[in-house]
Amino acid sequence: MIKLIAFDLDGTIGETIPMCIKAFKQAVSPYAGHVLSEREIVQTFGLNEEGMIKMVAGEKWQEALHDFYPIYERMHEECPKPYEDICELIKTLRAAGILVALITGKGEKSCMITLEKFGMQNLFCSIKTGSEDKPNKADAITELLHFYQLNEEEFCYVGDTVSDVAACRTAGVTCLSAAWSAGADVAALKEANPSKVFSSVKDLLHFLC
């Protein structure tokens, strides 16, 4: 029986990845010494924004980070709402007595900006944010298992990438793959996580409830 479901944020709760890339490019490129390509930015994914910026801005990372947050918040106007039905899904799970948490690679500040824009800052029993040193989702899952005294089979994670599947395997829990974002690599998700890939939030709602 599932007792806790944790969600990823970017690409799972909202179509925020294009906006994140755009904000990062605008804020950090002046400090990197060249216009950052999307590929350069995506290669930093998995770390929080501090770690991402350190990878490309070097000694000027603090100035770049300072510039990033107001640009990120302003550009969030391009993504003012979460995916349709995602809040309904979370509220339905909570009404059924299931704990709902958030585990994201984002830093705490950018995470809270997004949740406040979406009106979702009070929906989660726990919010685990990213590390500047290494991807830490598997560690965050393990922390939640210990804190809530759950077995691995009582927990599942909803994420949109193959790396989410890998993190879940490391932690020994089930991954439910969200394939409803515009940029989802559906073929890769189906190869990595067969029979657990969902093309819409409603499909996942029907599976869980």
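Author: Let's start with Phe124. Beyond its neighbours within four places in sequence, Phe124 is in contact (heavy atoms within 4.5 Å) with Ile13, Ile90, Val100, Ala101, Leu102 and Leu115. This is a predicted model, in which local features need pLDDT of at least 70 and side-chain atom pairs count only at pLDDT 80 or more, while totals for chains, interfaces and linings use all residues. Residues are numbered from 1 along each chain as its sequence is written, and side-chain values use heavy atoms, leaving out hydrogens and water.

Now for the wider setting. Phe124 belongs to the largest nonpolar core, which has 28 residues. Such a core is a set of buried Ala, Val, Leu, Ile, Met, Phe, Trp, Tyr and Cys residues joined through side-chain atoms within 4.5 Å, where buried means under 20% relative accessible area, with a 1.4 Å probe and protein chains only. Phe124 is among the residues with the most contacts inside this core, alongside Phe7, Ile13, Ile86, Met120 and Trp180. Several elements each supply at least two of the core's residues, including the strands β1 (4–7) and β5 (174–178) and the helices α6 (108–118) and α10 (201–208). Here helices are DSSP runs of H or I with at least four residues, and strands are runs of E with at least two, numbered from the N terminus. The largest share, four residues, comes from α5. Apart from this core lies another, of 23 residues, with Met19, Ala23, Val28 and Phe68 among them.

Terms used
Buried < 20%, exposed > 50% of the residue type's maximum accessible area, 1.4 Å probe, protein only.
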